[in-house]
Amino acid sequence: MITSPPRGAPGNGNAKGNGNGPRRPEATPYVDLTRAEWSALRDKTPLPLSADEVERLRGLGDVIDLDEVRDIYLPLSRLLNLYVQATSGLRGALNTFLGERAEQRGTPFVIGVAGSVAVGKSTVARLLQALLARWPEHPRVELVTTDGFLYPMEELKARGLLSRKGFPESYDRRALTRFVADIKAGKEEVTAPVYSHLIYDIVPGERLVVRRPDILIVEGLNVLQPALPGKDGRTRVGLADYFDFSVYVDARPEDIEQWYLNRFRKLRETAFQNPFSYFQRYTQVSEEEALDYARTMWRTINKVNLLENVAPTRGRATLVVRKGPDHKVQRLSLRKL
């Protein structure tokens, strides 16, 4: 069925009329599907993951289980497999038109996964990597997070951006775009910086190596941001321009805040206990004091970034996945071709 698009998408589903007849729905580029309607689209796709594998893939505080994988992510893997095949055919047609010899290996298919801090986008990206790699057409699936392209802490300090970490300006956007462009261009080997959540910084001298994948998944807060204009005022190519498909993981800000606090509480009991953890100091105070800090971080940094920068890009996504308070996906909005 075709109904209203997700919040923030082109067209807001408001009805228009001339006052003399029934109100007509505003045109929208999205097909809005309930969970049940979406689940039925998996056809006969087999479930290739076990409960143990799903447990290892899901993030701290996320509640994704086999039912969620079967109902939501199996249909998505089927859709993406169809997209990969169709895109390969279109590129073959273009090569024929240009009179070029087809490459031995095709151009990598690139998927962007966006959404707020604590909304579960990292789990979605890992699940997609695991599921897509099981399809025989594209066994080499790489996952890269944009954290590695954050400026190092010293650079953030020098630029006065410590309190803006995670905002678009805290990333080396040019290096990130060049990284994906090089992969898309078919370079044999492309490297990226490595970020450590333990030390809360880029790891000096360490690089992630990506060698011609069939599919590349790029996960991060701001991957759907439009390109900034150049100094000459002309529009440049942005990261999202290299995506063949993109997913925005959506939820109400008040639900995400609760998930953020729950995750912080669990991290305080686990990873923050490591003496090398940047956040180890929050294990030395009471839980109430630690959670007060987390609430301040959410309301002054993460929520502001969500509302000002992340959520406005939702309408650029190919697919918007909307979660309810229990982390379960309730509905999905798919951009029509």
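The model is predicted, and the protein in it has eight helices and eleven strands. Of its 337 residues, 48% are buried. Among contacts with a separation of 6 or more, 72% are between residues 24 or more positions apart.

**Aromatic pairs**

- How many aromatic pairs does a search of the whole structure find? The search finds twelve.
- One of them joins F264 and Y282, whose ring centres are 6.2 Å apart. The planes of these two rings stand at 65°, so the pair counts as edge-to-face.
- F264 belongs to helix α7, residues 253-269, while Y282 sits in the loop between α7 and α8 (287-310). The pair therefore ties together parts that are 18 residues apart in sequence.
- F264 and Y282 are both buried.
- Y282 also forms an aromatic pair with Y293. This pair is stacked, with 4.1 Å from centre to centre and 20° between the planes.
- Because Y282 is in the loop between α7 and α8 and Y293 is in helix α8, their pair ties together parts that are eleven residues apart in sequence.
- Are Y282 and Y293 buried or partly exposed? Y282 has 11% relative accessibility, so it counts as buried. Y293 has a relative accessible area of 22% and is partly exposed.

**The aromatic cluster and charges over rings**

- Y282, Y293 and F264 come together with Y200, F272, Y278 and F279 in one aromatic cluster.
- Another ring with a charge over it is that of W259, where the charged end of K323 sits 5.8 Å from the centre.

**The cavity**

- The structure contains one cavity of 30 Å³ or more. The volume of the largest cavity is about 40 Å³.
- Which residues line the largest cavity? They are S116, V117, L221, N302, N305, L306 and V310.
- Sorted by class, this lining has four nonpolar residues, three polar ones and no charged ones.

**Residues with a positive phi**

- Most residues other than glycine have a negative phi, which gives some background for the next two points.
- A118 is not a glycine, yet has a positive phi of about 70°. A118 is found in the loop between β4 (109-115) and α4 (121-132), and with 13% relative accessibility it counts as buried.
- Y200, a member of the aromatic cluster, also has a positive phi, about 65°, although it is not a glycine. Y200 is placed in the loop between β6 (190-196) and β7 (201-210). Its relative accessibility is 18%, so Y200 counts as buried.

- E68 is part of helix α3, residues 66-98. At 1% relative accessibility, E68 counts as buried.
- What does E68 contact, leaving aside its neighbours within four places in sequence? Its partners are R35, Y73, H327, K328 and V329.
- I215 is in strand β8, which covers residues 215-219. With 0% relative accessibility, I215 counts as buried.
- With neighbours within four places in sequence set aside, I215 is in contact with V84, F109, I111, L132, H138, R140, V141 and E142.
- One of these contacts, R140, is 75 residues from I215 in sequence, and the C-alpha atoms of the two are 6.6 Å apart.
- G315 is located in the loop between α8 and β10 (319-323). G315 has a relative accessible area of 8% and is buried.
- G315 and R335 are 20 residues apart in sequence, with a C-alpha to C-alpha distance of 9.3 Å.

Methods: Residues numbered from 1 in each chain as written. Predicted model: local features only at pLDDT ≥ 70, side-chain atom pairs only at ≥ 80, totals over all residues. Heavy atoms only, no water. Phe/Tyr/Trp six-rings, centres within 6.5 Å; stacked < 30°, edge-to-face > 60°. Helix = DSSP H or I, 4+ residues; strand = E, 2+ residues; numbered from the N terminus. Buried < 20%, exposed > 50% of the residue type's maximum accessible area, 1.4 Å probe, protein only. Lys NZ or Arg CZ within 6 Å of the ring centre and 35° of its normal. 1 Å grid on protein atoms, 1.4 Å probe; cavity = no way out; pocket = protein on both sides within 12 Å on 5 of 7 lines; lining within 4 Å. Points joined across faces, edges and corners; volume = space filled by probe spheres on them. Nonpolar A, V, L, I, M, F, W, Y, C, P; charged D, E, K, R; others polar. Contact = heavy atoms within 4.5 Å.
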